[in-house]
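Here are a few exercises to work through with the model open beside you. Try each task before reading its solution.

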Amino acid sequence: MKIRKNHRGKRYRYNVNRKTLNKTRSSTGKIKDPAFKKLWEDSKRPGTNFKEMGLCVDPNKSVPIPNFRKDRLKITKLVNGFEEEEITEDDIKQAEEPKRGHVVAEMEEMAKQKAESKFRLPKGVVSHISYFMDKYKFNYKAMVTDRRNHDQWTWKQFRMKIKQFMNIKEQFNVYLEKRNLPLDKELDWEEYNSDSEWQ
């Protein structure tokens, strides 16, 4: 007698942790935002949670693609008197304000707030730029011809990197403190920043 195919190759996998497997399968995912996590109700479905907050899960349902043919048929039926316009329960539900409608307003305010830039230059680039600034200040033409310009930066690249470095206050203030330069005032070095500097 042959072994049936569905019984062949069935083996218990000892290496699988079934507890974590069930958790990952049944979980709806973690909410990272702490403000949003407070407002989320685990007892309710994700769809109802979104609806009560005044948010949408599927934008295609909330803002559908207009069906002009359907709209035209409806208008002709109304004009000819075949149909009477009635307010349905769905229209009343749509008109009702969401229970947790303040969530949308809070999220809009959070979106308007300007996020702080976390961009920082690498240590090697900072030491490279600080060497050139110490030696040439803002003379980009002289920086290009320097022997330590291994990357062969152009004068525009030097200008861009230095401006970038100066905009990062956290790193630039350290540079100023080491050179005993004032933190609040702008550097009174002559800048060769015009495009027609190659004379």
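**Exercise 1.** Which residues form one aromatic cluster?

*Solution.* Before starting, note that this is a predicted model, where local features need pLDDT of at least 70, side-chain atom pairs count only at pLDDT 80 or more, and totals for chains, interfaces and linings use all residues. Residues are numbered from 1 along each chain as its sequence is written, and side-chain values use heavy atoms, with hydrogens and water left out.

Step 1: find the pairs. Rings of Phe, Tyr and Trp (its six-membered ring) pair if their centres lie within 6.5 Å; planes under 30 degrees apart are stacked, over 60 edge-to-face, and the rest tilted. That rule gives 9 aromatic pairs.

Step 2: take Phe 132 with Phe 158, an edge-to-face pair at 4.9 Å centre to centre and 70° between the planes. Phe 132 sits in helix H8 and Phe 158 in helix H10, 26 residues apart (helices are DSSP runs of H or I, at least four residues, numbered from the N terminus).

Step 3: The cluster is Tyr 131, Phe 132, Trp 153 and Phe 158.

**Exercise 2.** Decide whether Phe 132 is buried or exposed.

*Solution.* Buried means under 20% relative accessible area and exposed over 50%, with partly exposed in between (1.4 Å probe, protein chains only). Phe 132 has a relative accessible area of 0%, so it is buried. Phe 158, at 2%, counts as buried too.

**Exercise 3.** How many nonpolar, polar and charged residues line the second largest pocket?

*Solution.* Sort the lining by class: Ala, Val, Leu, Ile, Met, Phe, Trp, Tyr, Cys and Pro are nonpolar, Asp, Glu, Lys and Arg charged, and the others, Gly among them, polar. The tally is 8 nonpolar, 2 polar and 6 charged.

Definitions and conventions
Helices (H or I, at least four residues) and strands (E, at least two) are DSSP runs, numbered from the N terminus.
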